[in-house]
Amino acid sequence: MDGEKPGTGTAGEAHEQMSLRERKKQLTYQAVSEAAIAMFLERGFDKVSVAEVAAAADISKPTLFRYFPAKEDLVLHRFADHEDEAARVVATRAETESPLDALRRNFLDGLERGDPVTGLCDVPQVLAYQRLLYGTPSLVARLYGYQSRSEAALARALGGRVADRLAAGQIIAVQRILALENWRRIDAGESARQVYADAVEAAELAFAQLRSGLGEQR
């Protein structure tokens with residue numbers, strides 16, 4: 001006997017069970033969010049109730065609110081993975097790379113991939129989602145909350161000082177403005193390929209201005 005009590009699992013089994021619960025939780029998040037977005041796109045954000053979303057997802061309204069504290073979060077769930085992206089980029093950069101250079105590289109890579117978070121994506125489903133987002137005032141207001149948390153996470157990754165908070169605010173604002181400009185042009189009818197060169201040029205200009213204002217240490 002190894003001394004393990006009957007009916008108890010090993011630490012590894014407990015971790016595996018926890019991982020399974022987390023995966024199931026993430027799948028539920030995804031399924032409920034996708035169902036809600038489909039309804040919002042079809043009928044409009046304000047014309048679909050939380051109760052209808054819960055019924056479509058086959059869960060209770062209180063359960064839905066445990067996953068999504070506000071109706072707007074059903075849409076903005078897609079931004080959850082990006083909330084601390086800037087902080088992760090800074091934290092995992094090479095020792096020889098400055099935080100600002102790492103963020104510049106990451107943004108340019110996103111443009112090349114057509115990452116929706118850069119605004120440079122003309123996939124119809126993505127455009128429909130972005131029109132829903134930017135065309136709904138309450139979603140835009142909620143989005144600023146996500147961006148504020150992104151800014152706070154980046155400030156901590158930079159060191160947490162006042163100067164770091166100022167830098168983080170400028171960097172997140174620049175990325176938001178770049179993405180919004182790209183999206184506006186594509187929403188007006190241009191393709192991602194047509195906008196790409198200008199988007200890169202604008203990003204290079206923006207990060208050069210940041211470097212000039214923040215100093216080479218950034």
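**Figure 1. Ala-86 touches Leu-103, Leu-154 and Ile-172, leaving aside residues up to four places away in sequence.** The model shown here and in the other views is predicted. Ala-86 sits in helix α5. That helix covers residues 85–91. With a relative accessible area of 7%, Ala-86 falls under the 20% limit and is therefore buried. Ile-171 is 85 residues away along the chain, yet the two C-alpha atoms are separated by 9.1 Å.

**Figure 2. Gln-175 is a buried residue of helix α9.** The helix runs over residues 162–187. Why does Gln-175 count as buried? Its relative accessibility is 17%, and the limit is under 20%, so Gln-175 qualifies. Beyond its neighbours within four places in sequence, Gln-175 is in contact with Leu-103, Phe-107 and Phe-207. Thr-118 lies 57 residues from Gln-175 in sequence and 7.6 Å from it in space, C-alpha to C-alpha.

**Figure 3. The largest pocket holds about 750 Å³ of space.** Its lining is made of 34 residues. Phe-79, His-82, Val-117, Gln-147 and Ala-179 lie nearest the pocket centre. At least two lining residues come from each of α5 (85–91), α6 (99–113), α7 (124–134), α8 and α9 (162–187). Helix α9 gives the most, with 7 residues. Sorted by class, the lining has 18 nonpolar, 9 polar and 7 charged residues.

**Figure 4. Leu-139 is found in helix α8, residues 137–158.** Its relative accessible area is 0%, under the 20% limit, so Leu-139 is buried. Which residues does Leu-139 contact, leaving aside its neighbours within four places in sequence? They are Phe-45, Glu-72, Val-75, Leu-76, Leu-132 and Leu-133. Leu-74 is 65 residues from Leu-139 in sequence, with a C-alpha to C-alpha separation of 9.9 Å.

**Figure 5. Ser-33 lies in helix α1, residues 11–43.** Buried or exposed? Ser-33 is buried, because its relative accessibility is 0% and the limit is under 20%. Not counting residues up to four places away in sequence, Ser-33 touches Phe-68, Leu-74 and His-77. Leu-74 also featured in the Leu-139 view, at 9.9 Å between C-alpha atoms.

**Figure 6. Asp-58 sits in the loop between α2 (50–57) and α3 (61–67).** Its phi is near 60 degrees. That is a positive value in a residue other than glycine. With a relative accessible area of 71%, Asp-58 is over the 50% limit and so counts as exposed.

**Figure 7. The protein chain has 10 helices and 0 strands.** Its pattern along the sequence is α-α-α-α-α-α-α-α-α-α. The chain has 218 residues, of which 40% count as buried. Take the contacts between residues at least 6 apart in sequence: 67% of them join residues at least 24 apart. The accessible surface is about 12600 Å². Carbon and sulfur atoms account for 53% of that surface.

Technical notes:
Residues are numbered from 1 along each chain as its sequence is written. This is a predicted model: local features need pLDDT of at least 70, side-chain atom pairs count only at pLDDT 80 or more; totals for chains, interfaces and linings use all residues. Side-chain values use heavy atoms; hydrogens and water are left out. Helices (H or I, at least four residues) and strands (E, at least two) are DSSP runs, numbered from the N terminus. Buried means under 20% relative accessible area, exposed over 50%, partly exposed in between (1.4 Å probe, protein chains only). Contact means heavy atoms within 4.5 Å. On a 1 Å grid over the protein atoms alone, a cavity is a set of points where a 1.4 Å probe fits but cannot get out, and a pocket is an open set with protein on both sides within 12 Å along at least five of seven lines; lining residues have an atom within 4 Å of a point. Grid points are joined across faces, edges and corners, and a volume is the space filled by probe spheres set on the points. Ala, Val, Leu, Ile, Met, Phe, Trp, Tyr, Cys and Pro count as nonpolar, Asp, Glu, Lys and Arg as charged, and the others, Gly among them, as polar. Accessible areas come from the Shrake-Rupley method with a 1.4 Å probe; for residues, only the protein chains shown count as cover.
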